[in-house]
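Please consult the sequence and structure shown here.

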Amino acid sequence: MEEVFQDVIIKNSDDYIINMGPQHPSTHGVLRFELCLKGEIVKYIIPHCGYIHRGIEKMCEKDTYQQIIHLTDRFDYLSAHINNEAVSIAVENALEVEVPERVKYIRTIIAELNRIASHQLWWCAFGMDLGALTTFFYGLRDRERILDIFEESFGSRLIHSVNCPGGLMYDIHPNFQQKIKDFIKYFRKVLPEYDQLLTDNVIFQVRSKGMGVMSKADAISYGVTGPCGRGSGFSCDVRKNHPYSAYSKVDFKEILFTEGDTFARYKVRIEEMWESMKILEQLVDNIPEGNYTAKMKPIIKLPVGEFFQRVETARGELGVFIVSDGNKTPLRVKFRTPNFSNLFIINKIASGNKIADLVAISGSLDLVIPDIDR
Amino acid sequence: MNIFKYFGDIFGALKSLWGGMRVTGYYFVRPGKIVTQKYPENRKKLEMFERFKGEVIMIHDSNNQHTCTGCGICEINCPNGSIEIISNKITNAEGKSERIIDKHIYHLSMCTFCGLCIKTCPSKAIVWGQEFEHAVFDRQKLTKVLNHSDSSLKKETKKEIKEA
Amino acid sequence: MNFSIYDFTSFTKWIDNALNSSMSPGWAILVELVIIGIVFIAFYAVIGLYLVLAERKVCALIQNRLGPNRVGPIGMFQTIADLIKLLMKELIEIKHADKFLFNLAPFIVIIASFMAIAALPFAKGLHAIDLNIGIFYLFAVSSLGVIGILLSGWSSNSKYSLIGAIRSGAQVVSYELSVGLALLSVVIFSGTMQLSGIVESQANGWWIIKGHIPAIISFLIFLVASTAETNRGPFDLAEAESELTAGFHTEYSGIKFAFFFLAEYMNMFIVAAIAATVFLGGWMPFHIQGWEGMNNVMDYIPPFIWFFGKTIFVILVMMWFKWTFPRLRIDQLLTLEWKYLLPINLMNIVLIAFIVLMGWYIK
């Protein structure tokens with residue numbers, strides 16, 4: 001273990017320091033990297049976060065359990081539904097409420113749609129980071145179709161707050177299943193274009209292969225989860241290891257690559273889109289009839305105790321830890337957000353590479369800044 | 001150095017580049033695939049989905065009557081204080097004191113569109129409206145009074161809530 | 001061959017004679033210079049502005065968008081509106097910048113691109129100067145722009161600008177070789193460096209067809225290298241907006257920024273025009289030997305339409321590159337030049353010399 005943590009940064013007064021961010025096109029938000037350069041080579045990177053800290057965990061302490069949901073939307077806004085799901089399941093487990101099967105199926109379907117949408121947006125932004133500007137529009141074009149499905153059923157596109165403890169806020173729209181089938185049919189045709197445009201491209205390959213190699217030991221010791229961890233061969237898919245919702249009922253495989261470089265992390269996400277489509281196909285026709293929510297009291301009071309639930313968001317493992325003192329608001333809420341852990345490996349894997357590689361590596365970590373700062 | 005590998009690499013690279021150029025070229029010669037729309041021009045045709053969360057509105061019928069009893073459940077449920085209810089106590093015709101709503105104030109600027117107010121409303125007085133063009137020059141204009149002036153409570157509302 | 005219907009030599013001669021008859025030779029030359037200057041400035045502005053618009057429209061089509069469509073019909077005057085906006089914007093002064101060089105840099109860039117237009121033959125007899133070392137002049141002048149870029153990066157006193165400028169320097173110096181050698185291949189074929197002579201030598205077919213495989217290789221190398229030399233994607237490392245925000249022109253604003261921007265598009269036009277002149281026959285119509293009927297029809301299309309048609313084709317290809325490929329890294333960029341383009345180019349030149357010696361090209 002000692003070996004792993006030896007990347008202690010030693011600053012010198014004559015270092016050539018350059019600030020990347022907080023307003024920089026490729027940090028995807030208000031993240032600041034303090035880079036020390038030696039020519040084009042990056043000597044070390046110090047990430048500074050906190051520019052968009054809103055104190056969501058503290059705000060949760062004054063909210064009831066139904067109200068927490070709308071805050072969880074707002075840290076990792078690209079997998080908003082999955083965040084909601086984490087809190088909902090935590091509360092349901094604490095109350096020992098059995099949610100209807102229908103809810104589990106719908107939650108899984110939305111979660112997978114959300115995962116595809118998130119990976120599409122990541123693909124656009126990653127292409128942009130590497131300078132392929134057209135990817136951005138192709139990705140957004142396809143993501144629009146998923147957002148339309150969300151909008152029709154739940155009224156909003158990005159953060160739809162549709163989960164609530166006990167089930168869903170509303171039932172799905174009658175067109176929901178048909179639209180998903182249309183989308184899968186469309187996206188199966190379009191996804192190979194992504195490969196043609198970027199994956200197979202020789203410039204992309206030389207820029208991503210062998211860059212930012214993260215070993216499995218590093219991934220585990222830094223707590224890197226999600227596609228980044230799986231690109232290093234760290235089997236960390238919560239959907240597989242600790243199934244929740246309807247994941248135990250579907251057949252899918254956990255994508256694992258062992259190279260640990262930028263290209264492996266890229267491939268994991270592309271393959272995950274295919275797997276998510278497989279999951280959707282298995283579920284979309286088999287949504288059982290039933291109620292869209294379990295019977296819940298209007299005021300939820302959790303029993304005294306500590307409750308933990310983890311889910312797999314598009315970026316990794318999200319943990320929700322709730323300490324309850326029996327009131328209608330939690331005593332303390334802690335979110336273990338995936339990006340916070342994923343970010344801090346960047347010095348380890350990107351120092352010694354060039355600036356252009358740093359951009360590619362930070363892009364491949366799929367950073368969502370509000371998720372880091374909360 | 002292997003000369004065949006050298007030229008093989010070059011041809012492989014050219015092939016992969018051509019693959020990408022085919023995709024972009026395909027879309028370049030097909031203007032029918034354009035997905036963006038001209039927004040202000042298509043405003044008349046633009047139809048939002050029926051469940052679209054544009055803003056919170058209060059339904060009024062043709063007699064200018066709503067079903068809001070002023071119970072304040074939406075105000076309690078709102079996570080960030082976007083709703084304020086000002087109610088008056090009056091004595092009705094039977095001599096009993098009764099609470100009626102004076103102003104149902106909705107701060108659109110603070111609303112996060114979580115939908116808890118609408119879900120918990122016992123008399124289904126407030127619903128989602130489809131209006132989405134909320135841009136104004138003055139922040140004050142985002143504070144709206146949802147009940148129309150001179151509107152009144154529907155007679156049957158309280159009974160219906162009790163039955164439910 | 002029937003070029004006489006669109007021969008501009010008599011037209012330019014007539015102007016020259018008219019001026020000389022009415023004033024002394026010295027004044028006549030001065031007036032001619034002023035006329036050419038005005039014509040080229042107008043030409044520069046129109047081409048620059050409409051290339052920006054064309055790029056925006058092309059990338060919009062590639063990206064399934066509508067592109068600019070607000071100012072004028074289908075957005076025709078969008079870039080003019082942009083120019084007016086840039087003219088009215090404040091010129092931000094940087095406190096620790098080297099003021100003189102900082103203000104000088106955009107002019108060097110734009111003058112370098114301006115000088116190159118002078119040698120381009122737009123039609124028979126329609127060029128400002130017909131140098132006997134036209135090609136040599138062109139790549140001497142077109143590489144001057146990098147001095148402006150280096151100056152701008154150095155004088156802005158910004159780390160981003162400096163890195164961008166140094167990148168640009170390394171890039172332009174390397175790719176200059178490939179551009180030169182690729183053009184040299186056609187010089188070997190045609191036996192002259194005079195641009196008008198090169199065009200005339202393509203009367204019975206363009207060099208890309210007559211010179212078959214080696215000419216096609218040179219053409220491809222020229223396309224890649226000239227894209228790199230103009231700092232355009234996928235070789236836009238000097239700007240690299242995802243790494244260096246805007247590279248060498250990070251600190252520029254208003255019309256000074258517009259100068260860099262216009263110069264980039266003008267350089268693109270110039271390299272496309274060189275490619276069209278040298279490889280694709282310039283203003284020469286498309287001729288196939290023996291098909292006299294078709295050749296006569298081709299002759300009736302005015303030469304500047306041929307010239308601009310070919311130039312626009314090359315520009316479209318360069319835009320197509322930019323909007324498809326990801327950006328290279330600086331070391332890969334240099335690897336591409338020194339390990340791939342340059343050796344192939346040198347081999348290609350030897351091959352061409354051999355082919356010309358044996359007369360194995362289509363005469």
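## Basis

This is a predicted model, in which local features need pLDDT of at least 70 and side-chain atom pairs count only at pLDDT 80 or more, while totals for chains, interfaces and linings use all residues. Residues are numbered from 1 along each chain as its sequence is written, and chains are lettered from A and ligands numbered from 1 in the order in which they are written.

## Helix pair in chain A

Helices here are DSSP runs (H or I, at least four residues), numbered from the N terminus. H4(A), residues 101-129, packs with H11(A), residues 262-284, at an angle of about 155°, the axes being 9 Å apart. Axes are lines fitted to C-alpha atoms over the stretch in contact, and angles run from 0 to 180 degrees between N-to-C directions. H4(A) and H11(A) are therefore roughly antiparallel (angles over 145 degrees).

Residues are in contact if their C-beta atoms, placed from the backbone, lie within 7 Å. Trp122(A) and Phe126(A) are among the H4(A) residues that meet H11(A), whose contributors include Met273(A) and Leu280(A). The contact comprises 12 nonpolar, 3 polar and 4 charged residues (nonpolar: Ala, Val, Leu, Ile, Met, Phe, Trp, Tyr, Cys and Pro; charged: Asp, Glu, Lys and Arg; polar: the others, Gly among them).

## Chain contacts

Chain B places 22 residues in contact with 22 residues of chain A. H1(B) gives the most to the chain B side, with 9 residues.

The contact between chains A and C takes 25 residues from chain A and 20 residues from chain C. The chain A side divides into 13 nonpolar, 6 polar and 6 charged residues.

Terms used
Helix = DSSP H or I, 4+ residues; strand = E, 2+ residues; numbered from the N terminus. Parallel < 35°, antiparallel > 145°, perpendicular 65-115°, else oblique. Contact = placed C-beta atoms within 7 Å.
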